[in-house]
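Welcome, and please open the model in your viewer. We will go from stop to stop, and at each one you will be told what to select and what to look for.

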Amino acid sequence: MDEREPRRRRVGTRLTAPVLELEDAALSFGRRELWSGLSLRVEPGEFVAVLGANGSGKTSLVRAILGLQRLSTGTLRVAGQPPRRGAKDIGYVPQQRRFDQQTPLRARDLVGQGLDGHRWGLGRHAGRSARIAAALESVGAGEFADMPIGLLSGGEQQRVRIAQALVADPRLLLCDEPLLSLDLRSQRTITTLVDRRRREKDTAVVFVTHEINPVLPYVDRVLYLAGGKFRTGTVDDVLTSGTLSDLYGVPIEVLQVNGRIVVAGIPEADESNHHEDDVAVGAKHG
Amino acid sequence: MAEPGIWERVFNFTDYGQLLALVHNSLIAGAVLGIVGGLISTFVMMRDMPFAVHSISELSFAGASGALLLGANVVLGSLTGSILAALVIGLLGSRARDRNSIIGVLMPFGLGLGVLFLALYKGRSGNKFGLLTGQIVAVDTPQLSWLLATSTVVVLALAVIWRPLAFASTDPELAAGRGVPVAALSSVFMVLLGLTVAMSVQIVGALLVLSVVCTPAAAAMRVTASPRLVTLLSVLFATGSVVGGILLALGSSIPISPYVTTISFLIYVVCRIAGARRHRRGWAPVRSRGRSLATAAR
């Protein structure tokens with residue numbers, strides 16, 4: 001906690017505008033409202049975790065930030081601009097999906113797509129390969145730059161994904177469940193890399209996850225979505241029995257065990273993810 | 001020559017020089033088709049669409065045989081059929097599962113229509129057979145100009161959309177996030193694919209289009225993952241198969257397609273074996289990977 005304070009003050013004195021700003025935002029599909037009245041400011045260098053069960057609107061929030069989904073009401077700004085498709089300010093890490101073995105791309109080509117994959121024509125910028133190499137080095141993936149992406153392990157593929165998201169120097173790193181189906185060691189690698197980036201380059205991080213524990217050491221604030229409602233604040237404010245019970249409308253128990261947070265009692269329909277994860281984690285920790 | 005043996009019927013190089021002069025047009029057509037087929041086939045493989053190609057070629061066959069029956073322009077008929085099929089598959093089958101069922105429905109319908117039209121057709125039977133299995137001597141000058149014009153359109157269009165299309169083909173979700181118009185590109189690609197298939201039908205025949213529009217990239221992807229090298233090899237393989245096929249078929253009484261498909265297949269087999277060797281010998285620098293993981297976590 002202590003080491004984060006100086007960084008925030010430094011940001012404050014520069015009077016930087018928020019990287020992501022939501023004001024009274026709402027999103028609904030037909031009559032089903034995912035969330036409403038959502039206001040959130042994410043400052044440069046800030047690490048915000050977006051938590052919530054399946055179907056609580058986490059992925060829709062990601063799509064709204066990317067400009068792929070219009071808000072029902074309210075405003076959303078990325079680096080002061082309304083969201084639009086293909087904004088350069090956002091580095092996006094989509095939900096973890098394994099590449100097919102035969103995918104005709106090497107790790108360096110995947111990173112290259114993050115730089116200019118959206119551009120028409122065949123022209124290439126000078127210094128392209130140097131930037132790609134630097135991005136791969138920064139996630140410790142330099143050694144498998146020429147490997148076919150489909151032959152890398154899940155953790156390695158995800159590291160290349162991070163390099164791909166960062167190669168264009170975005171101001172916001174948007175990660176949608178980047179830790180799914182990764183082992184604990186790879187999870188730690190990914191979270192460490194993300195944390196290092198925002199410290200070194202002041203990149204803001206919005207990290208969507210259904211499991212808080214892997215990012216617990218790094219998170220500044222939490223946005224918790226559930227049942228059409230939400231709470232924002234520090235981990236200690238939001239992940240409490242009182243707050244979660246209020247969000248879900250049923251009694252929920254939040255326990256701290258060995259520096260980990262265990263949530264018990266989330267209603268059936270929403271529980272699958274949490275439950276599964278707690279079991280998996282429990283098994284690994286013995 | 002009375003009753004030549006089977007070997008002479010398959011390979012016959014008598015009067016080869018004179019024959020070569022006759023198929024001048026066909027050789028140019030074959031080379032051009034090889035280039036376009038090789039380029040398109042990289043995307044056919046990336047987008048997992050070989051089955052769609054087969055369906056489009058059969059609708060193209062239906063269109064061509066319909067035109068033959070009506071006495072209309074065969075090329076135009078084959079173009080109409082393949083572009084219609086490509087658009088239907090593109091519009092209705094954005095999800096892989098939908099796509100496969102639509103293709104499964106479309107394919108026999110196209111083939112059935114083609115059979116009906118050919119059965120009603122009273123003209124030369126060589127024309128009929130050519131649509132299914134290909135013909136070489138039949139490439140006349142207007143047909144060649146048509147082929148060259150279409151190829152130019154396809155190659156230029158591919159050059160413009162190459163990068164976003166490759167992005168959308170390998171990683172649609174992220175490409176959409178970066179502002180690539182994934183759905184629109186998919187439709188454009190289907191039209192280009194339709195054009196290419198219609199061209200291939202003219203040369204190698206409807207039944208064997210896949211040997212030009214799928215096999216070359218499938219072979220290339222076995223030996224390399226570098227996108228540039230895949231494209232280059234794919235073009236080389238496709239051109240080699242078509243031109244090589246024409247050269248071998250020249251003196252024989254057999255349609256061109258078995259030669260093209262056999263060369264194409266042999267290239268694939270060689271690439272597959274080479275790829276398996278490379279895979280075993282360690283494409284993966286396994287030892288260094290553990291170390292870099294530790295570096296990254298630090």
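**Stop 1: a helix with a buried side**

Select helix H4 (residues 128-138) of chain A. The buried residues of H4(A) pack against helix H3 (107-116) and helix H5 (154-166) of chain A. Helices (H or I, at least four residues) and strands (E, at least two) are DSSP runs, numbered from the N terminus. Contact here means that the C-beta atoms of two residues, placed from the backbone, lie within 7 Å.

Which residues of H4(A) are buried? They are A:Ile132, A:Ala135, A:Leu136 and A:Ser138. These residues cover an arc of only 160 degrees around the axis, so they sit on the same side of H4(A). The arc is that of the directions from the helix axis to the C-beta atoms. A residue is buried if 20 or more other C-beta atoms lie within 10 Å of its own, exposed if 12 or fewer, and partly exposed in between, with C-beta atoms placed from the backbone. Step past the end of the helix to A:Gly140, which follows H4(A) and has a positive phi, near 65 degrees.

A word on what you are viewing: this is a predicted model, where local features need pLDDT of at least 70 and side-chain atom pairs count only at pLDDT 80 or more, while totals for chains, interfaces and linings use all residues. Residues are numbered from 1 along each chain as its sequence is written, and chains are lettered from A and ligands numbered from 1 in the order in which they are written.

**Stop 2: the sheet of chain A**

Now show the strands of chain A. Six of them form an open sheet in the order S5-S6-S7-S3-S8-S9, with mixed pairing. Two strands pair if DSSP finds at least two bridges between them. Strand S5 (90-93) and strand S9 (229-233) are the edge strands, each pairing on one side only.

Select strand S3 (residues 47-52) of chain A, which is largely enclosed by the rest of the structure because six of its six residues are buried. In a regular strand the side chains alternate between the two faces of the sheet. On one side of S3(A) you will find A:Phe47, A:Ala49 and A:Leu51, and on the other A:Val48, A:Val50 and A:Gly52.

Strand S7 (residues 204-208) pairs with S3(A) in the parallel sense over four bridges, and A:Val50 stands opposite A:Val208. Strand S8 (residues 221-226) also pairs with S3(A) in the parallel sense, over five bridges, and here A:Val48 stands opposite A:Arg221.

**Stop 3: two domains**

Colour domain 1 (4-89 + 170-243) and domain 2 (99-169) of chain A, as given by the domain assignment; such bounds come from an automatic or database assignment. Their centres, taken over C-alpha atoms, are separated by 24 Å. Where the domains meet, 14 residues of domain 1 are in contact with 11 residues of domain 2. Helix H6 (residues 184-201) of chain A gives the most to the domain 1 side, with six residues.

**Stop 4: where the chains meet**

Finally, show both chains. How many residues does each chain bring to the contact? Chain B brings 33 residues and chain A brings 34. On the chain B side, helix H8 (141-170) is one of the helices that supply at least two residues, and H8(B) has the largest share, eight residues.
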